[in-house]
Amino acid sequence: MVQIEQLAARTPAVSVDEILQGFHPSPRFGEVSFASYRPDPSQPSQAAAVKALEGFGANIGNGTGGGLFSRIFGKKETGRAGIYLDGGFGVGKTHLLASLWHSAPGPKAFGTFVEYTNLVGALSFRKTVEALSSYKLVCIDEFELDDPGDTVLMSRLMRELADAGVRLAATSNTLPGSLGEGRFAAVDFQREIQVLADQFEVIRIDGEDYRHRGLPAAPAPLKTEDLKRHMHAEFDGQTVAVDDFRQLVDHLAGVHPSRYRQLIAGIDGVVWRDVETITEQAVALRFVVLADRLYDKDVPILASGVPFDKLFTEEMMGGGYMKKYYRAVSRLTALAREGQNHEPS
């Protein structure tokens with residue numbers, strides 16, 4: 001038996017505390033540590049990064065935490081306010097960032113760049129600052145430089161948190177097509193965060209992608225009439241969200257992206273009927289967030305319609321948000337491979 005739900009029928013109501021409780025590493029990185037990271041012996045920068053992060057983490061919480069009172073009367077923590085992991089795709093930056101988060105005392109937050117911008121959108125900038133200023137560590141994975149407005153917003157947020165005594169750690173991503181060029185995002189990152197740049201220590205991590213270069217081939221979509229049979233075969237005894245793709249896309253417009261984690265709560269798999277190419281930028285960006293949340297929870301996908309490498313238009317895949325779309329296609333493809341071919345994502 002399969003328990004069938006519908007994402008398009010869900011409208012989660014989420015409190016501020018519930019949103020903040022979601023700022024932790026995804027299950028993929030739920031139990032990682034510095035010890036479980038395997039540095040490549042031919043890439044000494046990887047072992048050096050582990051040592052640097054361990055040192056950075058050892059200084060977190062030595063003072064009395066953030067806030068004005070502690071800055072005036074508390075013991076001053078040593079070292080820079082932030083650390084930035086600079087490297088290409090698949091060298092283990094998220095593993096190391098999550099390891100830092102696990103090793104640090106709380107309260108602490110771990111989220112992607114998009115999750116923090118969504119948090120500001122849900123709470124307001126000032127309430128976000130107030131909520132995070134008492135934290136000892138804020139980790140920002142996949143810092144994105146493709147939206148000037150969001151970059152300025154995050155730079156300001158990081159500046160105010162640093163002023164409150166919060167330690168910061170960040171990574172950013174590199175397009176698969178940019179691998180091997182020998183130049184990553186450190187210069188861009190330091191330029192965009194402006195006055196904060198000199199407070200960040202840049203840690204370069206070299207190495208080959210431990211997964212694969214470029215995008216994996218998307219599996220051929222299933223026939224719509226075959227979805228039900230495959231669903232019962234793949235998800236027996238589990239809870240599955242079954243949606244018409246267009247109806248789901250329309251529904252997402254009425255659910256704030258900060259609630260997408262709760263939108264898919266309790267779902268073991270998703271089935272999408274008649275996937276079609278998304279042609280509107282705002283719609284596409286919302287769907288990227290859903291793809292990230294599904295990937296975080298490792299939710300397999302069964303789908304009919306167009307393959308996921310055709311989910312976004314060619315203009316989108318070559319435009320200003322191409323990093324987001326490449327990531328979404330890669331992740332959705334991996335989840336489809338898991339759902340159809342039992343390949344680990």
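Reader: Which order do the five strands of the open sheet have, and what pairing?

Author: The order is 3-4-5-2-6, and the pairing is parallel. Strands here are DSSP runs of E with at least two residues, and helices are runs of H or I with at least four residues, both numbered from the N terminus. This is a predicted model, in which local features need pLDDT of at least 70 and side-chain atom pairs count only at pLDDT 80 or more, while totals for chains, interfaces and linings use all residues. Residues are numbered from 1 along each chain as its sequence is written, and side-chain values use heavy atoms, with hydrogens and water left out.

Reader: What makes strand 3 and strand 6 the edges?

Author: Strand 3 (108-112) and strand 6 each have a single partner strand, so one side of each has no neighbour in the sheet. From one strand to the next, the twist averages 15°.

Reader: How do you know that strand 2 is paired to strand 5 and to strand 6?

Author: Two strands pair if DSSP finds at least two bridges between them. Strand 2 has four bridges to strand 5 (residues 167-172) and six to strand 6 (residues 200-205), so both meet the rule of at least two. For example, G82 has L168 as its bridge partner in strand 5, and D86 has R204 in strand 6.

Reader: And what makes strand 4 and strand 5 a pair?

Author: Strand 4 (residues 137-143) and strand 5 are joined by five bridges in the parallel sense, and C139 stands opposite A169. Helix 7 (residues 148-163) lies across strand 4, strand 5 and strand 6, at about 160° to strand 4. That angle runs between N-to-C directions, on a scale from 0 to 180 degrees, with axes fitted to C-alpha atoms, for helices over the stretch in contact.

Reader: Why is strand 2 called largely enclosed?

Author: Buried means under 20% relative accessible area, with exposed over 50% and partly exposed in between (1.4 Å probe, protein chains only). Six of the six residues of strand 2 (residues 82-87) are buried, so the rest of the structure largely encloses this strand. Both faces are covered, with G82, Y84 and D86 on one side and I83, L85 and G87 on the other. Over the protein chain of 345 residues, 52% count as buried.

Reader: What makes a group of residues a nonpolar core?

Author: The members are buried Ala, Val, Leu, Ile, Met, Phe, Trp, Tyr and Cys residues, joined through side-chain atoms within 4.5 Å. The largest such core has 41 residues, and V270, W272, F287, L290, F308, L311 and F312 touch the most other members. Helix 12 (281-296) is one of the elements that supply at least two residues; its nine residues are the largest share. A second, separate core of 30 residues includes F125, I140, V166 and L168.

Reader: Which residues is V270 in contact with, leaving aside its neighbours within four places in sequence?

Author: They are L7, V240, A241, L294, V299, P300, I301 and L302. Contact means heavy atoms within 4.5 Å.

Reader: How do you know which parts to read with care?

Author: Look at pLDDT, the predictor's confidence in each residue, from 0 to 100. The protein chain averages 85, and 83% of the residues score at least 70. However, pLDDT stays under 50 over residues 64-76 and also over residues 175-184.
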